[in-house]
Amino acid sequence: MKPPRSALGIDIGGTKIAIGVIAADGRVLASRALPTESRRGTTDATARITTTARLVLHESGLDVEALVGVGIGCSGPVAPLSGEINNPHTLPGWEGWNIVASLAHTLGLPVWLENDADAAALGEYCCGSGRGAERLVMLTVGTGIGGAIIVDGEIYRGAGGEHPEIGHIPVAGEGPECYCGRSGCLESLLSGTAIGAAGQRLGFSNAADVFHSAKSDQRAQQILTTAQRALESAIGTIVHSFAPDRIVLGGGLVAAQKAFFLEAGRTALGRVRLLPPNAVTLAAARLGNFAGIIGAGRWATQRAESQPSRRVPLRDGKSLVNTLPVPPREIPR
Ligand SMILES: [Zn+2]
């Protein structure tokens with residue numbers, strides 16, 4: 001019998017949850033989506049995710065023995081090490097929920113949790129616009145702005161396993177106040193929410209209306225000029241801080257306004273003088289809505305192969321199949 005290589009990939013956002021069966025080469029064998037509706041609570045969510053996951057598995061033609069486990073990419077903040085979701089902003093009602101423990105229990109498989117921006121970046125790295133890159137930075141621009149860094153196929157983690165918040169790179173000293181407590185963040189000028197809010201103050205209905213109106217309306221054009229400068233500034237900071245060989249721009253707003261984002265990105269790269277020309281390449285994401293489930297599924301496969309299963313004791317005396325990411329390597333003294 002062949003060893004199991006496929007995985008369930010789950011992508012959780014504030015509006016919807018996508019679930020897919022992902023082959024080891026990144027193909028999506030079957031997928032479905034369901035509304036997130038986090039306010040219905042965690043018991044309800046566990047039941048709905050479990051039912052849909054089983055249905056998708058059935059539709060893929062595989063059985064549970066073919067799966068190495070489950071990868072979850074979830075709108076953060078999340079705690080990959082403990083398995084808890086702590087995002088009152090877009091997932092109210094789920095604060096403190098240990099989704100890893102819940103789904104490991106109902107699905108009977110090892111489960112790994114990651115930030116959704118990291119999962120999407122991993123998806124693009126292995127199977128989309130990031131293929132062939134060694135150091136990749138991905139910006140995901142939609143309702144908010146997420147960022148992720150992949151180094152040699154591994155998700156970059158900060159201190160204590162924390163996820164870097166690239167969406168909060170400061171780009172305008174006098175810019176709008178941000179919920180992170182500072183002003184002039186990239187997210188507060190370039191996200192769909194930010195462009196939509198700036199537009200509404202001038203009578204436009206939303207971000208899409210601003211983009212549409214900018215062809216003939218100078219006020220809309222001005223909002224986009226500000227947004228474009230914010231992106232150019234952020235890309236300059238990313239290039240000079242990390243010198244990645246690939247920057248991938250993804251997310252719903254990039255998919256809808258690809259030319260705008262690529263032009264701003266290329267303008268920013270054209271101004272870089274301290275790195276060899278073409279050292280950094282820029283691309284729009286290719287996997288669309290599938291990046292999250294592909295990346296989450298691939299992550300589960302990667303983790304299962306690099307880390308043999310073990311049981312983890314829980315506070316209530318029960319235990320789960322291995323769910324914890326590989327601990328950081330110790331630094332030799
Ligand atoms: Zn901020």
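Student: Which residues are the protein donors of the zinc ion?

Tutor: Donors are N, O and S atoms within 2.8 Å of the metal (3.2 Å for Na, K and Ca), and since water is not among the atoms, sites may look incomplete. Here the zinc ion has His168 (ND1), Cys178 (SG), Cys180 (SG) and Cys185 (SG) as protein donors, lying 2.0 to 2.3 Å from it. Along the sequence, the spacing of these donor residues reads H-x9-C-x1-C-x4-C. A quick note on the source: this is a predicted model, in which local features need pLDDT of at least 70, side-chain atom pairs count only at pLDDT 80 or more, and totals for chains, interfaces and linings use all residues. Residues are numbered from 1 along each chain as its sequence is written, and side-chain values use heavy atoms, with hydrogens and water left out.

Student: What arrangement do the 4 donor atoms make around the zinc ion?

Tutor: Ideal angles at a metal are 109.5 degrees for four tetrahedral donors. Four donors count as tetrahedral if all angles lie between 85 and 135 degrees. Around this zinc ion the angles run from 102 to 120°, so the arrangement is tetrahedral.

Student: Is Cys178 buried or exposed, and what does Cys180 count as?

Tutor: Go by relative accessible area: buried means under 20%, exposed over 50%, and partly exposed in between (1.4 Å probe, protein chains only). Cys178, at 11%, is buried, whereas Cys180, at 36%, counts as partly exposed.

Student: On to helix 7. How far apart are its end C-alpha atoms?

Tutor: Helices (H or I, at least four residues) and strands (E, at least two) are DSSP runs, numbered from the N terminus. The expected span of a helix is 1.5 Å times one less than its number of residues. Helix 7 (residues 218-242) has 25 residues and should span 36 Å; its end C-alpha atoms are 36 Å apart, which agrees. At the N-terminal end, Asp217 is the cap, with a side-chain oxygen 2.8 Å from the backbone nitrogen of Arg219. Just after the helix, Ala243 takes a positive phi of about 45°.

Student: Which residues touch the most other members of the largest nonpolar core?

Tutor: A nonpolar core is a set of buried Ala, Val, Leu, Ile, Met, Phe, Trp, Tyr and Cys residues joined through side-chain atoms within 4.5 Å. The largest one has 42 residues, and Leu139, Leu186, Leu190, Ile195, Ile235, Ile247 and Phe261 touch the most other members. Helix 7 gives the most to this core, with 10 residues. Apart from it lies another core, of 30 residues, including Ile17 and Trp97.

Student: What is Ile247 in contact with?

Tutor: Contact means heavy atoms within 4.5 Å. Leaving aside neighbours within four places in sequence, the contacts of Ile247 include Val137, Ile235, Val280 and Leu282.

Student: Where is His163, and what does its side chain touch?

Tutor: A polar contact is a pair of N or O atoms within 3.5 Å; within protein, one must be able to donate a hydrogen and the other to accept it, and residues adjacent in sequence count only if both atoms are side-chain atoms. His163 sits in the loop between strand 11 (154-155) and helix 4 (187-190). At 17% relative accessibility, His163 counts as buried. Its side chain makes a polar contact with the side chain of Asp118 (3.0 Å).

Student: And Ser38, buried or exposed?

Tutor: Ser38 is buried, at 6% relative accessible area. This residue lies in the loop between strand 3 (28-35) and helix 1 (42-60).

Methods:
Tetrahedral: all angles 85-135°; square planar, octahedral: opposite > 155°, others 65-115°.
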